[in-house]
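Welcome! Please take a look at the sequence and the structure below, and then follow the briefing topic by topic.

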Amino acid sequence: MTATLHGPARSSADHLELLRGMLEEQFAVHTARLTQLTVHARHAGHDRHTLEALITSTRERIAETAQALRRMSEGTYGLCVDCHKPLPLGRLHALPHATHCTRCERRRTS
């Protein structure tokens, strides 16, 4: 049986706090990175297209992380948004902002 946040596992609160910490750290790192990129974008001599792509990607990571933290506060974190089944802890540890189980993710991308 796969351990999940919404299952009977005794330490699910511990896992949730660990994941919350990971997400909060990612949010801080991405926010700092966005600040750095924004400063670099103001200085001449940097490849504008590369900086714009990095800024866009960093903003997406910030949004994904913020959405995951919002789902935590709403109590829906760790559930697939399509099939509503619990996401395995391994998936959440690898990808804390995951919104879909691997099965639904495959359906979305195929």
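What percentage of the 110 residues of the protein chain count as buried? The share is 26%, where buried means under 20% relative accessible area, exposed means over 50%, and partly exposed is in between (1.4 Å probe, protein chains only). Keep in mind that this is a predicted model, in which local features need pLDDT of at least 70 and side-chain atom pairs count only at pLDDT 80 or more, while totals for chains, interfaces and linings use all residues. Residues are numbered from 1 along each chain as its sequence is written, and side-chain values use heavy atoms, with hydrogens and water left out.

**Overall layout**

- The protein chain has 4 helices and 0 strands; helices (H or I, at least four residues) and strands (E, at least two) are DSSP runs, numbered from the N terminus.
- Along the sequence, the pattern reads α-α-α-α.
- Of the contacts between residues at least 6 apart in sequence, 54% join residues at least 24 apart, a contact being heavy atoms within 4.5 Å.
- The protein chain has an accessible surface of about 7200 Å², and 55% of this belongs to carbon and sulfur atoms; such areas come from the Shrake-Rupley method with a 1.4 Å probe, and for residues only the protein chains shown count as cover.

**Helix H1**

- Helix H1 covers residues 12-41, which makes 30 residues.
- From first C-alpha to last, H1 reaches 43 Å, close to the 44 Å expected; the expected span is 1.5 Å times one less than the number of residues.
- Ser-12, Leu-19, Leu-23, Leu-34, Leu-37 and Ala-41 are the buried residues of H1, and their cover includes helix H2 (48-74) and helix H3 (89-94).

**Nonpolar cores**

- The largest nonpolar core has 12 residues, including Leu-19, Leu-23, Ala-68, Met-72, Leu-89 and Leu-92; a nonpolar core is a set of buried Ala, Val, Leu, Ile, Met, Phe, Trp, Tyr and Cys residues joined through side-chain atoms within 4.5 Å.
- H1, H2 and H3 are the elements that give two or more residues to this core.
- Another core, of 6 residues, lies apart from it, with Leu-34, Leu-37, Ala-41 and Ile-55 among them.

- Is Thr-65 buried or exposed? Thr-65 counts as buried because its relative accessibility is 1%.
- Thr-65 sits in helix H2 and, leaving aside neighbours within four places in sequence, is in contact with Leu-23, Gln-26, Phe-27 and His-30.
- His-84 is in the loop between H2 and H3, and it counts as exposed because its relative accessibility is 58%.
- His-84 and Cys-101 are 17 residues apart along the chain, and their C-alpha atoms are separated by 8.9 Å.

**Salt bridges**

- The count comes to 6 salt bridges, each a side-chain nitrogen of Lys or Arg within 4 Å of a carboxyl oxygen of Asp or Glu.
- In helix H1, Glu-17 and Arg-20 are separated by about one helical turn because they are 3 residues apart, and the closest N and O atoms of their salt bridge are 3.4 Å apart.
- Glu-64 and Arg-61 lie 3 residues apart in helix H2, about one turn of the helix, with 3.0 Å between the closest N and O atoms of their salt bridge.
- Glu-60, Arg-61 and Glu-64 are linked in a network of salt bridges.
- Arg-70 and Glu-74 also lie in helix H2, 4 residues apart, and their side chains meet in a salt bridge (3.0 Å, N to O).
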